[in-house]
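Hello,

I am handing this structure over to you, and I hope you enjoy looking through it. Please open it first, and then read the notes below.

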Amino acid sequence: MSAWILVVDDDTTNLRMASHILSKEQMRVSCLKSGEEAICFLQEQRPDLILLDIHMPGMDGFETIAAVRGDEKTADIPVIFLTADDDSETETRGLKAGAMDFIKKPFVPEVLLLRVRHTLELIRLQSDLAREVEKKTEVVKAQHEKLERISMQIVKTLSGAIDAKDTYTNGHSTRVADYSREIAKRAGFGEKQLDDIYMMGLLHDVGKIGIPETIINKPSRLTDEEYHMIQTHPLMGAQILSNITEFPQLAVGARWHHERYDGKGYPDGISGEDIPTEARIIAVADAYDAMSSRRSYRDVLAQDYIRGELVKGRGTQFDPVFTDIMLGMVDADTEYQMREK
């Protein structure tokens, strides 16, 4: 398809000459005599290139290119200035205004053609490059999304394997991940942070893989030695997840979800805001799900009782801000749907 050139110049002789030179090369040419006419023309038409005279009555070339660049529909149309001026100040001003090149008047046909062709070729190459980049970006994006889906499937499979070790906590990791994400969402976290904390929630108990099932599923009271072994699962989990170097934060939830806000938790006994934010969120979600799930020695606890325990632990066991958000979720759950079914 031939290029479409708009020539804007108040001199009829210049218009005829430019039109004659370009038309001989099978280019489509439209000619206008003022900046005002050009702006009106561009509201409905989109040429491939504008040749624009600088010195015109009414809107001069600088005012015209400012209007062209100021309209998102025309901002990317390339412009070459036409001028009889021969000073660096004019060229500098023109380039700053967004012109791609200059053509001196009176026209030298060969120069006019070369500059127009070079500009059109540059625009074509830029367009081709942009399309290629967009195409490659879409391919990379699709591959990335595929990897993310595979990663999430692996993580969910792993979290299911963790929960399967415990007869009485089926679906625990997924519920903790859901509750954690909702708490973080209500706290104003961004989408990436929400995805990250969901992943951390799914794997917060990964260290239980290293705990014997006889201890995890023991229906009677644990001995001190058995309880100590249970308490090792955060460190085991952190060690397992630390091998995932592309997501070092993944180990945060696993290591510190049993820390307490008052510093009386484990494994490190850290307190307050020294506990990573994600771990403080997961701690509330984890405790809530533990109370709203069945155990070998009891059924799901009543919603009012769970609410009271959260209030009791606010500021001591749990971060008060995230506890208040969890309490809001409980109060909104009038049908008590947030529990093990």
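Strand 3, helix 3 (residues 61–70) and strand 4 form a β-α-β unit that is right-handed; that is, with the strands pointing away from the viewer, the path from the first strand over the helix to the second runs clockwise. Helices (H or I, at least four residues) and strands (E, at least two) are DSSP runs, numbered from the N terminus.

Before you go further, note that this is a predicted model, in which local features need pLDDT of at least 70 and side-chain atom pairs count only at pLDDT 80 or more, while totals for chains, interfaces and linings use all residues. Residues are numbered from 1 along each chain as its sequence is written, and side-chain values use heavy atoms, with hydrogens and water left out.

Strand 3 has a partner in strand 1 (residues 4–8), in the parallel sense over four bridges, and Val7 stands opposite Leu51 there. Strand 3 also pairs with strand 4 (residues 79–83), again parallel and over four bridges; in strand 4, Ile80 is the bridge partner of Leu51. Pairing here requires that DSSP finds at least two bridges between two strands.

How enclosed is strand 3? Five of the five residues of strand 3 (residues 49–53) are buried, so it is largely enclosed by the rest of the structure. Leu49, Leu51 and Asp53 are buried on one side, and Ile50 and Leu52 on the other, so both faces are covered. Buried means under 20% relative accessible area, exposed over 50%, and partly exposed in between (1.4 Å probe, protein chains only).

Gly61 sits in helix 3 and counts as buried, at 0% relative accessibility. Contact means heavy atoms within 4.5 Å, and, leaving aside residues up to four places away in sequence, Gly61 touches Leu52, Asp53, Ile54, Met56 and Phe81. The C-alpha atoms of Gly61 and Phe81 are separated by 7.6 Å, with the two residues 20 apart along the chain.

Ser292 is in the loop between helix 12 (277–291) and helix 13 (303–313), and it is also buried, at 0%. Among the residues Ser292 touches are Tyr336 and Arg339.

**Cysteines**

Counting pairs of cysteine sulfur atoms within 2.5 Å as disulfides, the total is zero. Cys31 is partly exposed at 33%, whereas Cys40 is exposed at 55%.

Best wishes
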